[in-house]
Amino acid sequence: MISEPGRPGAMRYVLFDVDGTLIDAVGNQRLVWRTWAERYGLDPDEVYRVALRTRPMETFARVAPDRDAGECLAALHELEDEDVRTGSYAAFQGASELLNALEPGAWALVTSNYEHRVRGRFARTGLPVPKIVVDAAAVTEGKPSPVPYLQAAAQLGARPEDCLVVEDAPSGVQSGLSAGMTVWGVNTPAAVDGVHRHFVSLREAVRDILAFASGVHPDRLEGSATVE
């Protein structure tokens, strides 16, 4: 059984990834990359396959090595901003209930996206935005580096061992683990390697996340289980 960090009696904090964790943006991301690929005369399916595993600059180097990376990134950002304005977004079930139930100052968002897009998506879906949002522009090293989650904890005034990371992606899970935090995975059919607990959906995790935030150990919750 994988043990979880934590100090009895300490205040707890929850750090959320955004895309794939709170907001269902898979269709939007696929459409953005498809439009981008078609603009450059590339195979959309192949581009998206690469983009799923790499950061944008690495994607450009793989799929369009003869193109100016700065120009490619500007085009991608233009499409992403337009999608925030006009695309169709949905929050995962349980997201609104969960975020509205957490104490202000006890949670933050940690995203590889940019804050203005996060705010736009949250406004579209009615989700509350916390005081602290650590985005791609706020750090020199993104996930899977521990830097984003450590920065969020520092801004909250929290110790890493008192933080719960809620993630859906391997790079985010590794980021939280490297930061010395408890990491729970959501919205995946199978557990991502390394997570302390796994939930098929965010909806299933709401009770346990709120319990963690209130200081209740998950082992004390009826029907709770850790990853072994």
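A crossing of two helices is left-handed if the near helix is turned anticlockwise from the far one by less than a right angle, and right-handed if clockwise. In this predicted model, helix 1 passes helix 4 in a right-handed crossing. Helices (H or I, at least four residues) and strands (E, at least two) are DSSP runs, numbered from the N terminus.

The model is predicted, so local features need pLDDT of at least 70 and side-chain atom pairs count only at pLDDT 80 or more, while totals for chains, interfaces and linings use all residues. Residues are numbered from 1 along each chain as its sequence is written, and side-chain values use heavy atoms, with hydrogens and water left out.

**Helix packing**

Two helix pairs are listed below. Axes are lines fitted to C-alpha atoms, for helices over the stretch in contact, and angles run from 0 to 180 degrees between N-to-C directions.

| Helix pair | Angle | Axis distance |
|---|---|---|
| Helix 1 (residues 26–39) and helix 4 (residues 69–86) | about 140 degrees | 10 Å |
| Helix 2 (residues 44–51) and helix 3 (residues 56–63) | about 140 degrees | 9 Å |

The angle makes helix 1 oblique to helix 4. Angles under 35 degrees count as roughly parallel, over 145 as roughly antiparallel, 65 to 115 as roughly perpendicular and the rest as oblique. On the helix 1 side the contact (heavy atoms within 4.5 Å) is made by Asn28, Val32, Trp33, Thr35, Trp36 and Arg39, and on the helix 4 side by Cys72, Ala75, Leu76, Glu78, Leu79, Glu80 and Asp83. By class, this contact has 7 nonpolar, 2 polar and 4 charged residues. Ala, Val, Leu, Ile, Met, Phe, Trp, Tyr, Cys and Pro count as nonpolar, Asp, Glu, Lys and Arg as charged, and the others, Gly among them, as polar.

Helix 2 and helix 3 are likewise oblique to each other, and their crossing is right-handed. Here Val47, Val50 and Ala51 of helix 2 meet Thr59, Arg62 and Val63 of helix 3. The classes in this contact are 4 nonpolar, 1 polar and 1 charged.

**Salt bridges**

The whole structure contains 15 salt bridges, each a side-chain nitrogen of Lys or Arg within 4 Å of a carboxyl oxygen of Asp or Glu. One of them joins Glu38 to Arg34, with the closest N and O atoms 3.8 Å apart. Because Glu38 and Arg34 are 4 residues apart in helix 1, about one helical turn separates them.

An open sheet is formed by 6 strands in the order 5-4-1-6-7-8, with parallel pairing; two strands pair if DSSP finds at least two bridges between them. Strand 5 (133–134) and strand 8 (197–198) are the edge strands, each pairing on one side only. Strand 1 (residues 13–16) is joined to strand 6 (residues 163–167) by 4 bridges. Phe16 stands opposite Val166 in strand 6.
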